[in-house]
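Welcome, and thank you for taking a look at this protein with me. Below is a short tour, from the overall build down to single residues.

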Amino acid sequence: MLCLVTGATGYIGGRLAPRLLDAGHQVRCLSRSAGRLRDVPWADRVGVAEADLNDPDSLAAAFEGVDVAYFLVHSLGRRDFERLDREAAHNFATAARAAGVRRIVYLGGPEPPSGKRPSAHLRSRAEVARILMDSGVPTVVLRAAVIIGSGSASFEMLRHLTERLPAMVTPRWVENRIQPIAVRDVLRYLIGAATLAPEVSRGFDIGGADVLTYREMMQRYARVAGLPRRVILPVRLLSPWLSAHWVGLITPVPNAIARPLVASLVHEAVAHENDLATLLPGPAPLGFDEAVRLALGRIRDAEVETRWSSAAGRDAAAEPLPSDPDWSGGSVYVDERCRPVNASPDRLWRVIEGVGGENGWYSFPLAWSVRGWLDRLAGGVGLRRGRRDRHRLRVGEALDWWRVEEIEPGSLLRLRAEMRVPGRAWLEMRAVPGPDGGSVYRQRAVFLPRGLAGHLYWASVLPFHGIVFNGMARNITRTAETR
């Protein structure tokens, strides 16, 4: 079958596409920017349709000839995510029906509890499910709670809270029951849903082998990870709002994403039926401990396929670095550094491609750390997103508070800032061949201010640039020369 995968640059979509190929299907990926799929290992095996689910006029060609369409997008992290996802679902459903798609598959969240006010996250997930079910196209809705897998937002929250806090005061919702599911079981159900009979059009609860409280999940994670038993004290005073801010400070997941996820944990999330296992016979779902072991193994071996931060913001595709400084119609601030390097361009490039995450930024760690904390306090992503792979980068990946906008292997790395700043910022690093087998390191920071606040921001940080950017250029070249 020809399968259309939306959200192919995201956590689940980026894992589903290659597995659909392995199952013998053809795959077409829908993305706002085709370039963001350029560097994935399976890029040459899929078709890419450049379109936007919030632009209905762009969708017809993407859906042409499609048998099964997967809705795997989510605007979580945006203030207006409910509206954006509602519009995207309407446009997706309309395009699928017009193109004669035979099956829609959607990965949503647990059914909102009856008699209680659901969180905005669960409410939005349920609304999208209703829109797709009402499309007239046979639709399978998979309702999953916490997904356990290397790189998932829910797993990163659990992992960092447990590893960093040997003792913690927690909100009462840590006593709520949850049925987590391993990401490999989610993917198996997503692939199998494409083969269901046309008359099957309904929602299914999916979950793993264990039903646990969040407190039990933290204790069992600690045991699997070889950590001492955690001291956990639930109290009434911590509201979901305060909990989300605490999660945002302790874990890599920023407040904008942690807030709706935490609000959803206030409700119990346990599967009420297991009908899909009957329709799609196969191995029993993994238990929690085994799912955690597999996820930690992937992290330890640097084999994380996708991460929660893989999906960029909605404006990312529309904001390339302007080639003409006059493009902005006003001021463009630039900081440029250039240093000769007594090392080959290949050695220099290995250092450039390895910046960020655990490897650091080669300059004044305290300044980077303070700037990251300030960004977190302002609701930004901060520095803790890290990197998917310690040595290799792909276009579109998150790298701390940057997004990889362009890579020319061996030559250029361009990063676009996703921190909270009154303007738009980029950082370029180049390895250029030099004389006598050496190389030249070129570094350029570009800032396009937005209004008076942007100009004041640049003026306020300018005194630090000599320390930070010059130190960065100096230490990158030294590292290349000594490796």
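Helices (H or I, at least four residues) and strands (E, at least two) are DSSP runs here, numbered from the N terminus. With that convention, Asp436 sits in the loop between β18 (423-433) and β19. Please keep in mind that this is a predicted model: local features need pLDDT of at least 70, side-chain atom pairs count only at pLDDT 80 or more, and totals for chains, interfaces and linings use all residues. Residues are numbered from 1 along each chain as its sequence is written, and side-chain values use heavy atoms, with hydrogens and water left out.

**Overall build**

The protein's secondary structure consists of 14 helices and 19 strands. Along the principal axes, its C-alpha atoms fill a box of roughly 70 × 55 × 45 Å. A compact globule of 483 residues would have a radius of gyration near 23 Å, and the protein agrees with this at 23 Å. That radius is taken over C-alpha atoms, and the globule rule is 2.2 Å times the number of residues to the power 0.38.

Burial is judged by relative accessible area: buried means under 20%, exposed over 50%, and partly exposed in between (1.4 Å probe, protein chains only). On this scale, 55% of the 483 residues are buried. The accessible surface amounts to about 21,100 Å², with 53% of it belonging to carbon and sulfur atoms; the areas come from the Shrake-Rupley method with a 1.4 Å probe, and for residues only the protein chains shown count as cover.

A contact means heavy atoms within 4.5 Å. Among contacts in the protein with a separation of 6 or more, 75% are between residues 24 or more positions apart. As for charge, there are 64 positive and 52 negative side chains, and the centres of the two sets lie 5 Å apart. Lys and Arg count as positive and Asp and Glu as negative, while His and the chain ends are not counted; each charge is placed at NZ of Lys, CZ of Arg, CG of Asp or CD of Glu.

**Helices inside the fold**

Eight of its 10 residues are buried, so α1 is largely enclosed by the rest of the structure. Those buried residues are Gly13, Gly14, Arg15, Leu16, Ala17, Pro18, Leu20 and Leu21. Their cover includes β1 (2-6), β2 (26-31), β4 (68-71) and α6 (183-193). Just after α1, Gly24 adopts a positive phi of about 100°.

Helix α9 (residues 255-265) is also largely enclosed by the rest of the structure, because eight of its 11 residues are buried. Among them are Asn255, Ile257, Pro260 and Leu265.

In helix α7 (residues 214-224), the buried residues include Tyr214, Met217, Met218 and Tyr221.

Phi is near 55° for Asp400, a positive value in a residue other than glycine. Asp436 also has a positive phi, of about 55°, although it is not a glycine. Asp400 belongs to the loop between β15 (398-399) and β16 (402-408). Are these residues buried or exposed? The table gives the answer for both, along with some other residues.

| Residue | Relative accessible area | Class |
|---|---|---|
| Asp400 | 3% | buried |
| Asp436 | 83% | exposed |
| Ala126 | 14% | buried |
| Ser439 | 2% | buried |
| Cys29 | 0% | buried |
| Cys338 | 46% | partly exposed |

Ser439 lies in strand β19 (residues 439-449). Leaving aside residues up to four places away in sequence, Ser439 touches Arg339, Pro340, Val341, Ala343, Ser344, Pro345, Leu348, Val432, Pro433 and Gly434. Its C-alpha atom is separated by 11 Å from that of Gly410, 29 residues apart along the chain.

Ala126 is part of helix α4 (residues 120-133). Between the C-alpha atoms of Ala126 and Val231, which are 105 residues apart along the chain, the separation is 35 Å.

How many disulfides does the structure hold? With a disulfide taken as a pair of cysteine sulfur atoms within 2.5 Å, there are zero. Cys29 is in no disulfide, and the nearest cysteine sulfur, that of Cys3, is 10 Å away.
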